[in-house]
Amino acid sequence: MNEPTEGLSEQARALIAEEEALLKRVLLAIEAARQQAGRERGRSEALARLTHLRDEASTAVESDLPALFQQMDTERAILERKDTAQLPEPHTPYFAHLRLRKHEGGTNEYLLGRTTFTHAASSVRIIDWRFAPVARVFYGYAEGDDYEEWFGERLSEGVVEARRLVVIERGVLTRIRAGTLHLERVPNGEWHEVGALATSSLAGGAGTAVRAGSLGTGSGEAGRAARFDITAQLDTEQFEALQTHPEKPLLVLGSAGSGKTTVALHRLAQLTFNLRAASAPSRMKVVVPEEGLARLSRRLLAPLELRNVSVETLDAWAYASACTAFGLKSIALSSDKPALASKLKRHPALRPVLEKRLGKKKLTDLSFKRLRRKLAELLTDRTLLEEVVTTSREDVPWPAIEDTVRHTMLQLATPLTREFDGFDPEAMKTVDGLAIEDSTPDSLANTVDVEDLPLLLFLKARHGHLGTDPLAHAVIDEAEDFSLFELSVMGRQLGKTRSCTLAGDEMQQTSSSFAGWPAALAELGIQDAATVRLSVSYRCPRPVIELARHVLGPLAPEASPRMGREGVPVGFHHFPEEAQAWLFVRDALKDLLDREPKASVAVIASTPEAARTFYKVVNDMSAVRLVLDGGFTFEPGVDVTDVESIKGLEFDYVILPDATARAWPQADESRRKLHVAITRTSHQLWVVSSGLRSRLLPSP
Ligand SMILES: Nc1ncnc2c1ncn2[C@@H]1O[C@H](COP(=O)(O)OP(=O)(O)OP(=O)(O)O)[C@@H](O)[C@H]1O
């Protein structure tokens with residue numbers, strides 16, 4: 001235990017002393033329980049001994065039996081002791097503390113954690129946030145509030161005397177938040193009030209830039225304290241969403257950074273607990289559009305004890321589903337495909353046109369080969385494709401027809417290797433050792449696009465069983481980016497109850513045209529979903545949210561989110577030449593990494609090509625990474641990336657290096673993408689432009 005520093009109020013000192021004493025008591029109680037459990041671990045040996053004694057008794061002479069029976073009784077008594085419960089992790093046994101003074105008299109003390117634990121002798125009671133009824137009081141009331149809750153048949157009334165969030169790292173208390181009082185233990189062991197530390201330090205702290213016009217708010221300094229557990233911070237609205245009946249589909253809406261992913265993953269944690277079945281995690285799935293978000297989701301699931309839940313990107317999910325549904329080990333995918341053909345295949349306008357064309361005729365042969373041929377017929381039918389273009393009101397442009405037909409024809413061709421079957425295999429190679437069709441249109445022969453997979457699965461499900469195992473629950477995150485075909489197939493994979501959580505924000509739709517939530521739910525086969533709209537924006541500070549709304553322009557929803565935090569102004573930096581702009585960013589990054597080596601920074605370019613070009617300016621700097629395949633490591637440093645890769649992610653600092661009129665034109669898709677890039681910012685945003693600045697930005 002360490003002495004609080006001078007200058008702390010009496011109240012703060014008392015709080016620290018109380019929480020440290022409490023933690024000490026908890027750790028001793030866990031240790032006592034652990035030792036007790038150790039003593040009981042001898043039971044498996046007891047079982048073996050009992051079996052052996054039984055065998056012995058069956059052949060023993062009568063005079064030996066009384067002694068054997070006595071021994072057997074002893075071993076049986078050991079076995080009959082109650083199973084040892086799982087103990088809390090002593091490094092971080094709990095994340096919150098609640099004390100209730102009941103009107104009927106007396107106080108009750110609870111700690112919120114992930115493992116239930118009671119040690120009566122030390123009056124320690126840790127409750128599991130997922131199911132303990134009293135967790136409702138923690139999430140629903142503030143310190144000092146009168147509370148009134150029904151626990152089963154019993155009404156409990158009283159006052160919330162203490163409601164504290166704590167951070168315990170390796171068994172040491174390092175942070176306490178009680179109402180507006182926020183205390184932090186710095187590395188030398190002294191305690192400070194966080195607001196006081198921030199204003200007295202040159203380095204800033206969230207909300208104060210180091211120098212005017214400089215990059216950095218102090219939030220990525222060395223040795224920054226661990227954050228409060230997000231589970232402890234869920235707000236009332238988010239916790240209420242988790243109370244939705246496990247079998248009811250839930251639609252979680254809200255602006256960028258309002259906690260949609262947080263709610264969806266916490267619901268999964270709760271449902272896993274409710275199902276109690278050991279197999280539950282394997283029957284649950286999280287599906288997201290991009291690799292970056294898949295990696296982040298896996299990291300977020302780990303502390304929720306859901307490491308076994310499969311997190312898949314849409315493409316990986318479609319591929320695995322198709323292999324299972326068609327009983328194939330692998331499917332040859334094209335590595336090169338026209339963007340317009342992909343757009344057409346994912347567009348909602350294709351859905352009704354296809355439905356009309358397929359009519360009522362039943363297909364009997366549902367093999368991959370047959371359905372692939374059927375799909376190719378449809379995708380080379382110009383009349384059908386023209387109808388898609390007109391139904392989309394030319395959102396799918398006319399040239400998409402030619403691109404789709406030509407591409408599909410190439411895919412239908414017989415691969416050269418098969419055509420020249422019987423020829424000398426060496427003659428089928430080029431001088432550099434590659435197959436003769438590599439990098440030629442012939443490399444497309446006999447392949448399908450990853451966008452074809454949901455269409456093929458859709459065709460199969462329409463005429464028969466999909467052949468994949470039903471899921472107990474699915475989380476569909478960034479659901480605005482799922483095509484109707486993907487949703488339709490996903491719906492077939494859900495069990496009868498359609499238990500799923502959809503999280504999304506129509507303003508962040510980037511990859512295909514979104515058909516709206518009613519259409520999305522209908523494809524999933526959901527008639528009645530519970531819907532929550534999260535209203536507080538947690539990730540971004542006010543100036544960033546305001547810019548994000550400005551960029552959306554006419555697309556911005558009427559209601560603005562409730563702003564969580566103030567923040568430093570957005571930095572706009574304009575230069576005549578791109579080279580000047582990028583050298584300026586390079587210097588700023590160098591300076592920032594020196595001052596705040598723990599910061600996470602993203603340089604988000606409009607395209608992968610622009611990201612690659614910018615990277616050349618900084619590739620000699622350590623801790624700078626080019627990430628274009630979603631391979632984010634979430635380590636401190638700089639990720640140079642593009643807007644398509646960063647959905648659902650967040651960084652302390654974001655720099656947009658090419659905020660030009662060419663990169664971000666005045667079009668709806670561009671507005672939404674720029675909005676996504678801007679809203680990845682947790683602390684500070686810089687918008688850097690050269691030549692002609694994007695007109696989506698406010699005038700200087
Ligand atoms: N109640 C809360 N209190 C404090 N922070 C929160 C709360 N809820 C969520 N957050 C934090 O806000 C950030 C954004 O949360 P999350 O990623 O779940 O939002 P989102 O709505 O899914 O964002 P996006 O739309 O960009 O995908 C995360 O850092 C998360 O930990």
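## Two loop residues

In this predicted model, Ser123 is exposed, because 11 other C-beta atoms lie within 10 Å. The cut-offs are as follows: a residue is buried if 20 or more other C-beta atoms lie within 10 Å of its own, exposed if 12 or fewer, and partly exposed in between, with C-beta atoms placed from the backbone. Ser123 lies in the loop between β3 (117-119) and β4 (124-128). Its phi is near 50 degrees, a positive value in a residue other than glycine. Most residues other than glycine have a negative phi.

Glu394 also has a positive phi, near 65 degrees, and is not a glycine. Glu394 is placed in the loop between α14 (382-391) and α15 (399-412). With 11 other C-beta atoms within 10 Å, Glu394 is exposed.

## Basis of the model

Residues are numbered from 1 along each chain as its sequence is written. Because the model is predicted, local features need pLDDT of at least 70 and side-chain atom pairs count only at pLDDT 80 or more, while totals for chains, interfaces and linings use all residues.

## Overall organisation

The protein holds 23 helices and 23 strands. Helices (H or I, at least four residues) and strands (E, at least two) are DSSP runs, numbered from the N terminus. Of the 700 residues, 40% count as buried. Among contacts with a separation of 6 or more, 74% are between residues 24 or more positions apart; two residues are in contact if their C-beta atoms, placed from the backbone, lie within 7 Å.

## Domains and their contact

The protein is divided into domain 1 (10-34 + 88-200), domain 2 (42-80), domain 3 (234-322 + 460-534), domain 4 (334-449) and domain 5 (538-690). In the contact between domain 3 and domain 4, each of the two gives 10 residues. On the side of domain 3 that touches domain 4, α17 and α18 each supply at least two residues. The residues of that side divide into 4 nonpolar, 5 polar and 1 charged. The domain bounds come from an automatic or database domain assignment.

For these classes, Ala, Val, Leu, Ile, Met, Phe, Trp, Tyr, Cys and Pro count as nonpolar, Asp, Glu, Lys and Arg as charged, and the others, Gly among them, as polar.

## The ligand shell

Which residues are the closest to the ligand? They are Gly259, Lys260, Thr261, Thr262 and Tyr538, within a shell of 20 residues that surround the ligand. A residue is near a molecule or strand if its C-beta atom, placed from the backbone, lies within 6 Å of it. By class, the shell holds 4 nonpolar, 11 polar and 5 charged residues.

At least two residues of the shell come from each of α6 (230-233), α8 (260-275) and β16 (536-541). The most are given by α8, with 3 residues. The ligand lies between domain 3 (234-322 + 460-534) and domain 5 (538-690), because both give residues to the shell.

## Helix α17

Helix α17 (residues 452-463) has 12 residues, which at 1.5 Å a residue should span 16 Å; the end C-alpha atoms are 17 Å apart, in agreement. The expected span is 1.5 Å times one less than the number of residues in the helix. Because 10 of its 12 residues are buried, α17 is largely enclosed by the rest of the structure. The buried residues are Asp452, Leu453, Pro454, Leu455, Leu456, Leu457, Phe458, Leu459, Lys460 and Ala461. Their cover includes α10 (314-325), α11 (339-346), α13 (368-379) and α18 (484-493).

Arg462 also lies in helix α17. This residue counts as partly exposed, with 16 C-beta neighbours inside 10 Å. Arg462 and Glu355 are 107 residues apart in sequence, and their C-alpha atoms are 9.9 Å apart in space.

Strand β14 (residues 500-504) is mostly covered, with 5 of its 5 residues buried. Cys500, Leu502 and Gly504 point one way from the strand, while Thr501 and Ala503 point the other way. In a regular strand the side chains alternate between the two faces of the sheet.

Strand β10 (residues 250-254) pairs with β14 in the parallel sense over 4 bridges, and strand β13 (residues 473-476) pairs with β14 in the parallel sense over 3 bridges. Two strands pair if DSSP finds at least two bridges between them. Leu502 of β14 is the bridge partner of Leu251, and Ile476 stands opposite Leu502.
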